[in-house]
Amino acid sequence: NLILAIETSCDETSAAVIAEGHKVLSNVIASQITTHQIFGGVVPEIASRKHMESITAVVDRALQEAQCTWSDITAIAVTKGPGLVGALLVGVAYAKGVAMAREIPLVGVHHIEGHIYANFLQKPQLEFPLLCLVVSGGHTHLIHLIDHGKMKIIGSTRDDAAGEAYDKIARALGLGYPGGPLIEKIAQEGDPARYDLPRAWLKDSYDFSFSGLKSAVLNMLNRAKLKGEEIDKASLAAAFQNSVVDVLVEKTCDAAKELQVPTVLLAGGVAANNYLRQRLQKALQGQGQELIVPPLELCTDNAAMIGCAGYYRLQKGERAGSDLNGQANLPLTDS
Ligand code: ATP
Ligand code: MG
Ligand code: FE
């Protein structure tokens, strides 16, 4: 049982070969970051063209690294949304083409479900029910995972996603793109107590809000500029990160307590943040619950996670037809 997985939702062209749903035989990621860096963010039109240029080579390389050939592949899993529609279409069209030519099953996977399943790679023993904190570039959710393919979103961001906030603040501080890893790095040299920033608790709700924090940081930067004052970027980055992580940790711990799940998962690009990983692990441990995190390289976009999520959908008999389409705003449904 070898699944070929394909992910092209944003600016990474990725292909992976997964054995028995959990073993990563290869996970090739061609990042377009250097192409988009000069624009300070992803340019959709360029992203689709780049996916088109790289997809064949990326898949060939994934097969090669897994030491297998097309005839060994028993199914195809592909990200069907959400994401940039032009980018998604490249992966979806490619996957439909090979599934038809090789006469093997095809399944479409929700990108965020993929992020969640990065936790299941190498871990077939994980047991439901679980709670998952998803913190990615475009999403922030607390999700109660009841079974494979059965989930309930109990909280979401009302404005910016956590990763989006990191990226916007990094840009304002002139650090570059993508901002998450750059903020994390510079924050290590800062004193978070030097700047006082707000935290949106949104009492009695598991929802999040990061736009007020973003405005507070931007106002601070503008005021300093007008007054000709120096800003200690490292300390401002540290204060920002503390604000974000304080809220993520407290809400996740509260939800874990209420749902009484023994295990909590972390998923999405911001799950690569070591400060968040450590704070959340410690806080959950303090209330007798365990935190599982994906390996660092599986937190950001990759096809291996799509292969794992696709495996469970295929197991349940789910199949996509030739009408499979990329969907920019595909909702993460409760079924
Ligand atoms: P989505 O998955 O919601 O569609 P995406 O695919 O664009 O969004 P992700 O896969 O979540 O993005 O990964 C990129 C995001 O993760 C960016 O916002 C980036 O700044 C953030 N990120 C990556 N590494 C870190 C880190 N070490 N600390 C904080 N944020 C990080
Ligand atoms: Mg990306
Ligand atoms: Fe992603």
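This is a predicted model: local features need pLDDT of at least 70, side-chain atom pairs count only at pLDDT 80 or more; totals for chains, interfaces and linings use all residues.
Analyst: Let's begin with overall size. The protein chain has 335 residues and a radius of gyration of 20 Å, which agrees with the value near 20 Å for a compact globule of that length. That radius is taken over C-alpha atoms, and the globule rule is 2.2 Å times the number of residues to the power 0.38.

User: Thanks. How many helices and strands are in the protein chain?
Analyst: The protein chain has ten helices and ten strands. These are DSSP runs numbered from the N terminus: helices are H or I with at least four residues, and strands are E with at least two. The C-alpha trace spans about 65 × 45 × 30 Å along its principal axes.

User: What share of the residues is buried?
Analyst: Buried residues make up 47% of the 335. A residue is buried if 20 or more other C-beta atoms lie within 10 Å of its own, exposed if 12 or fewer, and partly exposed in between, with C-beta atoms placed from the backbone.

User: And the contacts along the chain?
Analyst: Among contacts between residues at least 6 apart in sequence, 73% join residues at least 24 apart. Two residues are in contact if their C-beta atoms, placed from the backbone, lie within 7 Å.

User: Let's turn to helix packing. At what angle do α5 and α6 pack?
Analyst: Helix α5 (residues 162–172) and helix α6 (residues 179–187) pack at about 70°, with axes 8 Å apart. Axes are lines fitted to C-alpha atoms, for helices over the stretch in contact, and angles run from 0 to 180 degrees between N-to-C directions. The two helices are therefore roughly perpendicular. For that wording, angles under 35 degrees count as roughly parallel, over 145 as roughly antiparallel, 65 to 115 as roughly perpendicular and the rest as oblique.

User: Which residues of α5 and α6 meet?
Analyst: On the α5 side they include Tyr166 and Ile169, and on the α6 side they include Leu182 and Ile183. The residues of this contact divide into five nonpolar, three polar and two charged. Here Ala, Val, Leu, Ile, Met, Phe, Trp, Tyr, Cys and Pro count as nonpolar, Asp, Glu, Lys and Arg as charged, and the others, Gly among them, as polar.

User: What about α6 and α8?
Analyst: Their axes come within 8 Å and cross at roughly 115°, so α6 and α8 are roughly perpendicular to each other. Ile183 is one of the α6 residues that meet α8, where the partners include Ala237 and Phe240.

User: New topic: is Gly91 buried or exposed?
Analyst: Gly91 counts as buried because it has 27 C-beta neighbours inside 10 Å. Gly91 lies in helix α3 (residues 85–102). Leaving aside neighbours within four places in sequence, its contacts include Ile6, His51 and Val78.

User: How about Ala19?
Analyst: Ala19 is in strand β2 (residues 12–19) and, with 16 C-beta neighbours inside 10 Å, counts as partly exposed. Ala19 and Gly307 are 288 residues apart in sequence and 9.2 Å apart in space, C-alpha to C-alpha.

User: Which residues have a positive phi?
Analyst: Gln122, which is not a glycine, has a phi of about 65°, and Leu202 has one near 40°. Gln122 is in the loop between α4 and β6, whereas Leu202 is in the loop between α6 and α7 (211–227).

Terms used:
Residues are numbered from 1 along each chain as its sequence is written. Chains are lettered from A and ligands numbered from 1 in the order in which they are written.
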